[in-house]
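Hi,

Here is the structure I promised to pass on. Have a look at it first, and then read my notes on the charged side chains below.

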Amino acid sequence: MKVLALLLCGLLFAGVAQAQTAESSKKQSAPVSTRSTGDVVPLPSIKTLTTAQAAGKKLFVQKCSVCHLPALPSYTAYGPLLDNNVVADRGEESVRERIERGSAKMPGFQYQLTLVEIEEIVGYLKTMDLAKKD
């Protein structure tokens, strides 16, 4: 009889604990985003790009965006924001070489990307304009 009473008490406590867990998980709603439209980095639509530029966009998002685009409003990009202004200021050949060879802070991609893929990334960068328009 005592065993049965203990078993029922155990089940009662287990049910209460499960109800509390379910209730607390319902209270935790999805975090509210405080991101404003000014925080979003606009990338060119794939509809406006050539085939090579679209391939460059895909490679840029896969290989470069983690460091060269801000992920959150509270997060600043690790590397400089890359767009057509950077390509114009530094020159296409310099940008190609930086992608291939890297720098002290950036890994080189000479063993991960072909020369054609590097050219596609540079072509895509020339379509981007991240200048702040206030």
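Let's start in helix α4, where Glu93 and Arg96 sit three residues apart, about one turn of the helix. Keep in mind that this is a predicted model. The side chains of these two residues meet in a salt bridge, at 3.1 Å from N to O.

Glu119 is partly exposed, at 35% relative accessibility.

Next, Lys126 and Glu92: they form a salt bridge with their closest N and O atoms 2.9 Å apart. Lys126 is in the segment after α5 and Glu92 is in helix α4, so the pair ties together parts that are 34 residues apart in sequence. Both are partly exposed, Lys126 at 40% relative accessibility and Glu92 at 29%.

How many salt bridges does the structure hold? There are five.

Glu120, in helix α5, is buried but has no salt bridge; the nearest side chain of opposite charge is Lys58, 9.5 Å away. Leaving aside neighbours within four places in sequence, Glu120 is in contact with Ala52, Ala55, Gly56 and Leu59.

Cheers

Technical notes:
Residues are numbered from 1 along each chain as its sequence is written. This is a predicted model: local features need pLDDT of at least 70, side-chain atom pairs count only at pLDDT 80 or more; totals for chains, interfaces and linings use all residues. Side-chain values use heavy atoms; hydrogens and water are left out. Helices (H or I, at least four residues) and strands (E, at least two) are DSSP runs, numbered from the N terminus. Buried means under 20% relative accessible area, exposed over 50%, partly exposed in between (1.4 Å probe, protein chains only). Lys and Arg count as positive and Asp and Glu as negative; His and the chain ends are not counted. A salt bridge is a side-chain nitrogen of Lys or Arg within 4 Å of a carboxyl oxygen of Asp or Glu. Contact means heavy atoms within 4.5 Å.
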